[in-house]
Amino acid sequence: MAGRWKNDLNWSDATPMSAYLNRRQLMAGGAALGLGAIAGPALAKLNAAPSAYSTDEEPNTLEEVTGYNNFYEFGTGKEDPARNAGQLTTDPWTVKIDGLVDNPGDYGLDDIMQGVSLEERIYRFRCVEAWSMVIPWVGFELADLLNRVGVQPGARYVYFETLVRPEEMPGQRRGFLDWPYREGLRLDEAMHPLTIMATGLYDEPMPNQNGAPIRLVVPWKYGFKSIKSIVRISLLADQPPTSWNMANAREYGFYSNVNPEVSHPRWSQATERRVGGGLFSPRIPTQMFNGYAEEVAALYDGMDLAENY
Ligand code: MTE
């Protein structure tokens, strides 16, 4: 754990999200665990089609994308997921889709993958902790899946849950968060073409530490909205509870759109550090909606974004 704090300081990030947690709890969480076998079905077809939604910015390296992660089920340190997530069994994998849908059920990953078209989406990814990366995801539009299961008229929100399996997820043997990790989107956000279910990156199946075998990516929102290793998707009439909002509602709102003008209560969101830029590289200005304003600003017409943070 000492290494984690030192590392965070070296990388000159904002105070990490875990800082709201009790320090003693963090110290107790430091036991190192052995590396498990790398599991995972070869479900991300290689050579996914490129997309007009991709940025032409230089992607971060595979080492950066897979070596500096937030995945609290595997520990709160940035290097814990890479160290501990290898032991997660990702095959077989089932996603329960329920609530206000025409075809509820337990869908095997193969069922989900059939009939979706995989694309490469190179997106900026901005963590609420004020660091960012550029990541070449492989995935499909969430709207494709929702249209296939049939969204019923009363549905206004989509709720997601991560796997609960403390035997394989050492962080779940501690109360860092109230497990399962939960997230949610408004239905129109979920149906937006920028919103993807990612099953790989760098043309490889999703590495466990990045949320294998299937995770959400919503590029105009802070990274914590992009929930990993999803086992449940529910279509709901009402706004669902979400993990970081439950943990600290004042600091983490339901919307969590990237917004340089609305500070986190403990740090500014005006600038960010691009991971891998080197110790002395200047911070870069954070863009409204993480640079996706042209595509998504209309979703929030008439809303006070300081109020609905
Ligand atoms: N999903 C789950 N299940 N558990 C987590 O701890 N962390 C979130 C998000 N999704 C998290 C999660 C946060 S804070 C960020 S910044 C991103 O995952 C990090 O994604 P990456 O490690 O692939 O860059």
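How many bridges join β4 to strand β7 (residues 196–201), and do the two strands run parallel or antiparallel? In this predicted model, 5 bridges join β4 to β7, and the two strands run antiparallel.

## Strand β4 and its partners

With strand β11 (residues 271–274), β4 pairs in the parallel sense over 2 bridges, and here Ser132 stands opposite Arg274 of β11. Of the 11 residues of β4 (residues 131–141), 11 are buried, so the strand is largely enclosed by the rest of the structure.

## The five-stranded open sheet

An open sheet of mixed pairing is formed by 5 strands in the order β2-β1-β10-β5-β6. At its edges stand β2 (105–108) and β6 (182–186), each of which has a single partner strand, so one side of each is left without a neighbour in the sheet. On average, and with direction ignored, neighbouring strands of this sheet are turned by 20° against each other.

Strand β1 (residues 94–99) pairs with β2 in the antiparallel sense over 4 bridges, and the bridge partner of Thr94 in β2 is Gly108. Helix α6 (residues 142–149) packs on the sheet, where it touches β1, β2, β5 (157–162) and β10 (230–236), and the direction of α6 makes about 65° with that of β10.

## Salt bridges

Across the whole structure, a search finds 17 salt bridges. One of them joins Glu129 to Lys78, with the closest N and O atoms 2.9 Å apart; Glu129 lies in the loop between β3 and β4, and Lys78 in the loop between α3 (62–67) and α4 (80–84), so the pair ties together parts that are 51 residues apart in sequence. Both Glu129 and Lys78 are buried.

The side chains of Lys96 and Asp106 also meet in a salt bridge, at 3.1 Å from N to O, and because Lys96 lies in strand β1 and Asp106 in strand β2, this pair ties together parts that are 10 residues apart in sequence. Lys96 is partly exposed, with a relative accessible area of 36%, whereas Asp106 is exposed, at 52%.

How values were computed: Residues are numbered from 1 along each chain as its sequence is written. This is a predicted model: local features need pLDDT of at least 70, side-chain atom pairs count only at pLDDT 80 or more; totals for chains, interfaces and linings use all residues. Side-chain values use heavy atoms; hydrogens and water are left out. Buried means under 20% relative accessible area, exposed over 50%, partly exposed in between (1.4 Å probe, protein chains only). Two strands pair if DSSP finds at least two bridges between them. Axes are lines fitted to C-alpha atoms, for helices over the stretch in contact, and angles run from 0 to 180 degrees between N-to-C directions. Contact means heavy atoms within 4.5 Å. A salt bridge is a side-chain nitrogen of Lys or Arg within 4 Å of a carboxyl oxygen of Asp or Glu.
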